[in-house]
Amino acid sequence: MIFSTAALALGLLPLASSHPLEKRSHDQPQNALPPINSVVDENVAQLALYLEHLELNLYTGGFNNFTDEQYTAAGFPPGFRENVGVIAQHEQVHSDTLSAILTAAGRTPVPPCVYKFPYNDPVSFVDLANQITSTGIGAYLGGASLLTDDPALLTAASSIVTVEARHDAYLRAGVGASPFPTSFDTAITAAYAYNIAQLFIVSCPQQLPIPILPRLNFLGPTPPPNLQPPTPAGTLLNFGFDPSTFLVGVDPNAPLYIALINQVTNITFIEATKVGNKQVTVPVPEGAGNAAFAVLTTFSGGLNETQLTEF
């Protein structure tokens with residue numbers, strides 16, 4: 001059964017206040033809006049909007065909270081802050097478009113939340129933005145297989161996720177990391193993306209009907225800002241958790257496992273070494289790379305992503 005979930009940037013591994021940026025009118029969509037034909041369509045669109053609101057606030061803060069000089073002093077190339085602002089404008093258009101799709105279908109779009117992001121300089125902002133954007137990309141990829149009612153909605157979602165991937169590549173290149181570290185990105189289900197988003201949310205006027213799972217904290221090692229060199233296989237990853245938050249009782253002597261979700265349908269179950277009763281360590285498996293998502297479980301294998309959040 002699933003107890004906790006966490007995201008890590010395997011470079012492998014791995015308080016902002018803001019105001020909306022001015023929209024560019026020529027970026028607004030002009031074509032007919034794709035339909036919402038089912039509850040599944042609505043759920044995918046609402047989660048996408050929920051994450052786009054978060055990314056809009058994140059990137060707007062990355063633009064407003066630092067100057068060009070601060071980005072330059074931190075080693076970023078000329079024009080980097082301006083492009084962070086362009087990314088924020090893209091996120092605004094994505095949010096507006098998803099809201100319009102939902103409204104046109106008679107659904108009420110989920111509103112933005114109040115956010116708090118743990119960065120204090122340009123480097124920590126970009127590191128966080130890389131992780132959050134990777135989560136958004138994973139959510140779009142995971143939701144794509146559910147959009148079977150109308151190809152127009154799938155096309156709209158696909159056109160957003162390719163832009164999100166360009167954002168992530170630009171961020172990675174800005175810190176000197178590879179813009180394309182692996183052959184595949186990692187798809188995740190709604191439960192993973194939604195729970196990772198909770199790490200940055202103070203309060204919400206409306207939450208989505210997705211279970212909140214106990215938190216699994218990635219304790220290290222922290223990769224360097226440029227994610228170079230990649231964390232080698234065999235490196236011990238340290239995770240922390242609170243057993244009192246487990247959804248079921250667990251024998252303290254029972255073995256625990258980390259299920260590491262990485263790239264295409266690749267879930268590696270690794271038996272964890274306990275460090276006291278609130279931490280475990282596992283080695284990085286061979287072949288792991290880029291963004292990975294970790295789950296603490298009592299199962300040693302045989303479950304897919306969805307089942308890991310249900311058992």
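## Pocket lining

The residues lining the largest pocket split into 28 nonpolar, 16 polar and five charged. Here Ala, Val, Leu, Ile, Met, Phe, Trp, Tyr, Cys and Pro count as nonpolar, Asp, Glu, Lys and Arg as charged, and the others, Gly among them, as polar. The model is predicted: local features need pLDDT of at least 70, side-chain atom pairs count only at pLDDT 80 or more, and totals for chains, interfaces and linings use all residues. Residues are numbered from 1 along each chain as its sequence is written, and side-chain values use heavy atoms, with hydrogens and water left out.

The largest pocket has a volume of about 940 Å³ (the space filled by probe spheres set on grid points joined across faces, edges and corners). Of its 49 lining residues, the closest to the centre are G142, G143, L146, T189 and A190. A pocket is an open set of points on a 1 Å grid over the protein atoms alone, where a 1.4 Å probe fits, with protein on both sides within 12 Å along at least five of seven lines; lining residues have an atom within 4 Å of a point.

Helix α1 (39–64) gives the most to this lining, with 10 residues. Helices α4 (122–144) and α5 (151–174) are among those that supply at least two each. Helices are DSSP runs of H or I, at least four residues, and strands are runs of E, at least two, numbered from the N terminus.

## The sheet

Four strands form an open sheet in the order β4-β5-β9-β8, with antiparallel pairing. Its edge strands, β4 (217–220) and β8 (273–275), each pair on one side only. Two strands pair if DSSP finds at least two bridges between them.

Strands β4 and β5 (residues 236–240) share three bridges. N217 has G240 of β5 as its bridge partner.
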